[in-house]
Amino acid sequence: MNDKKVYVKPIHTKNDTNKITLKRIYANLHPHYWKRKLPHLLIVVPIIWFIYQLIFLGIFTNLLAGQVAPRFLETISMFFSLSLTLIGAIFYPYSLYWYKKSLIGQILNNIIYFGGFWSVIFKVILTLIGGIVIAGILSPVVGILVWRKYKNRNEIIGEEIDFS
């Protein structure tokens with residue numbers, strides 16, 4: 001009973017621990033959950049690319065005191081907006097999961113609408129699209145934070161219907 005056994009952790013090669021692939025990123029997502037969120041990206045990607053483009057062009061234009069931005073600043077703006085859009089598209093399912101659990105998501109999803117039938121339908125559609133866009137714009141930051149949190153906890157993210 002008093003055997004003093006020494007346990008050794010397996011040796012990890014450099015390639016195993018440093019590679020971040022899409023498979024490793026989506027390992028904490030239930031497969032049905034992230035596949036169901038792919039159609040959202042058809043709406044989100046063009047909108048967030050446009051919003052990021054406006055933000056960076058506005059930043060670079062203000063740096064030049066209202067002058068028209070030179071071509072190289074437009075190229076830099078395009079690079080930043082495309083890279084943030086790509087990162088946001090990858091981490092979007094995590095960000096959407098955070099949005100549904102957050103205070104602003106709870107408030108927007110529980111609004112009671114008044115008015116005519118078509119105005120209520122229009123408001124509901126705008127609220128849904130607005131929530132998707134909010135999650136998409138914040139996904140480069142929030143998505144990465146949620147991914148790291150659930151990766152460290154080793155938990156699977158999904159909705160109730162995924163696990164039943």
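1. Buried, in this note, means under 20% relative accessible area. By that cut-off, 29% of the 164 residues of the chain count as buried. The model is a predicted one. The chain exposes about 11,800 Å². Carbon and sulfur atoms supply 69% of that area.

2. The fold is helical. The chain has nine helices and zero strands. Read from the N terminus, the order is α-α-α-α-α-α-α-α-α. Take the contacts between residues at least 6 apart in sequence: 80% of them join residues at least 24 apart.

3. Check helix α8, residues 117-153. Its 37 residues would reach 54 Å as a straight helix at 1.5 Å a residue. The end C-alpha atoms are only 45 Å apart. Where does α8 kink? The kink lies at Ser 139, shortly before the proline Pro 140, and comes to about 80 degrees. Just after α8, Asn 154 takes a positive phi of about 60 degrees.

4. Ser 102 deserves a look. This serine sits in the loop between α6 (92-101) and α7 (103-109). Is Ser 102 buried or exposed? Its relative accessible area is 10%, so Ser 102 is buried. A polar atom of the Ser 102 side chain lies 2.9 Å from the backbone oxygen of Tyr 99.

5. On to the aromatics. The whole structure holds eight aromatic pairs. One of them joins Tyr 26 and Trp 34, with 5.0 Å centre to centre and 50 degrees between the planes. That pair is tilted. Tyr 26 has 11% relative accessibility and therefore counts as buried. Trp 34, at 23%, is partly exposed.

6. Another aromatic pair is Tyr 33 with Tyr 97, edge-to-face at 90 degrees between the planes and 6.4 Å centre to centre. Why does this pair tie together parts that are apart in sequence? Because Tyr 33 lies in helix α3 (residues 31-36) and Tyr 97 in helix α6, the pair links parts 64 residues apart in sequence. Tyr 33 is buried, at 0% relative accessibility. Tyr 97 is buried too, with a relative accessible area of 16%.

7. The Tyr 33 and Tyr 97 rings also belong to a cluster. Which residues do ring pairs link into that cluster? Tyr 33, Tyr 97 and Tyr 150.

Technical notes:
Residues numbered from 1 in each chain as written. Predicted model: local features only at pLDDT ≥ 70, side-chain atom pairs only at ≥ 80, totals over all residues. Heavy atoms only, no water. Helix = DSSP H or I, 4+ residues; strand = E, 2+ residues; numbered from the N terminus. Buried < 20%, exposed > 50% of the residue type's maximum accessible area, 1.4 Å probe, protein only. Contact = heavy atoms within 4.5 Å. Areas by Shrake-Rupley, 256 points an atom, 1.4 Å probe, with all protein chains shown as cover. Polar contact = N/O pair within 3.5 Å; in protein donor to acceptor, adjacent residues only side chain to side chain. Expected span 1.5 Å × (residues − 1). Bend = angle between axes of the 7 residues up to and from the residue. Phe/Tyr/Trp six-rings, centres within 6.5 Å; stacked < 30°, edge-to-face > 60°.
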